[in-house]
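Biologist: Hi! Could you walk me through this one while I have it open?

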Amino acid sequence: MSALFGKKFKLVISNQKRGETRTWLYPNEDGSEGIKATFTITKTSGLEPNSLDLVIYDLDKDSRDFVSDRGDHVQVYAGLGSGPAKLIYTGNVIFGQSKREGASWYTSLESGDGYRAYGLSTISKTLAPGSSTKDAFVSILDTLGLSKGIIKGLPDTLLKQGIT
C-alpha cells in the first residue's frame with residue numbers, strides 16, 4: 001500500500017449547482033496514491049464558524065471547477081492504521097481558487113462549519129399572536145437549515161402580539 005505511515009484521507013464535496021457529490025481518497029481503494037492534499041482545521045470558542053484551510057494538488061480542470069463554489073458542503077475524514085477514516089470536519093466553502101505554479105496546480109479552499117447558515121442566510125418570518133419564543137427559535141433554526149438538538153433554558157413565553 002502506498003499510504004504514508006498508514007495515513008488515510010477522504011474528501012467529500014457536494015456541489016449544489018451541479019446536484020452532484022464527489023469523493024477523493026488517499027490512498028485510493030485500489031492501493032494507488034490518490035489525492036494529494038494538506039489541511040488545517042481551526043476550532044474556535046466564539047460564535048464564528050470553525051474553519052478549514054485546504055490545499056489540493058494537481059486536480060484536473062473539471063475537479064478544480066467542481067470544488068470551488070461558495071456554499072458547497074465539504075467533509076474531511078482522516079485516520080491512521082487499519083480502521084476507517086473518521087469524520088473530523090464538516091462545513092461550507094467560503095472561498096475557492098486554483099493557481100498554476102510551474103507544471104502543478106494548487107486548489108485552495110477556505111471553509112467554515114455552519115457558514116451557509118451563518119453567512120449566507122436571510123430570515124423573513126412572521127409569527128401569529130399566541131406563538132411562543134420557542135416557536136420563534138425553532139422557526140429560525142429551520143430557516144437556517146440547522147438541527148434543533150436539545151433546547152434548554154429557553155423560556156416558553158407566549159407572544160401576545162405576534163412577531164415579525
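Modeller: Happy to! One definition before we start: buried means under 20% relative accessible area, exposed means over 50%, and partly exposed is in between. Also, this is a predicted model.

Biologist: Good. Is Ile-88 buried, exposed or partly exposed, then?

Modeller: Ile-88 has 40% relative accessibility, so it counts as partly exposed. Its place is in strand β6, residues 86-101.

Biologist: Which residues form a nonpolar patch on the surface with Ile-88?

Modeller: Phe-39 and Ile-41 do, and together the three have about 220 Å² of accessible area.

Biologist: What's the strand order in the sheet?

Modeller: The order is β2-β1-β5-β6-β7-β4-β3, in an open sheet of 7 strands with antiparallel pairing. β2 (20-26) and β3 (36-42) stand at the edges with a single partner strand each, so one side of each has no neighbour in the sheet. On average, neighbouring strands are turned by 25 degrees against each other, ignoring direction.

Biologist: How many bridges join β1 to β2?

Modeller: There are 7, and the two strands run antiparallel. As one example, Ser-14 has Thr-21 in β2 as its bridge partner.

Biologist: Switching to the backbone: where is there a cis peptide bond?

Modeller: Between Tyr-26 and Pro-27, with omega at about -15 degrees. Pro-27 lies in the loop between β2 and β3.

Biologist: And what is the phi of Asp-58?

Modeller: Asp-58 has a positive phi of about 60 degrees, although it is not a glycine. Most residues other than glycine have a negative phi. Asp-58 is found in the loop between β4 (51-57) and α1 (61-66), and at 46% relative accessibility it counts as partly exposed.

Note on methods:
Residues numbered from 1 in each chain as written. Predicted model: local features only at pLDDT ≥ 70, side-chain atom pairs only at ≥ 80, totals over all residues. Heavy atoms only, no water. Pairing = 2+ DSSP bridges. Helix = DSSP H or I, 4+ residues; strand = E, 2+ residues; numbered from the N terminus. Axes fitted to C-alpha atoms, helices over the stretch in contact; angles between N-to-C directions. Patch = residues over 30% accessible without salt bridge, like charges linked within 9 Å, V, L, I, M, F, W, Y side chains within 5 Å. Areas by Shrake-Rupley, 256 points an atom, 1.4 Å probe, with all protein chains shown as cover. Salt bridge = Lys/Arg side-chain N within 4 Å of Asp/Glu carboxyl O. Buried < 20%, exposed > 50% of the residue type's maximum accessible area, 1.4 Å probe, protein only.
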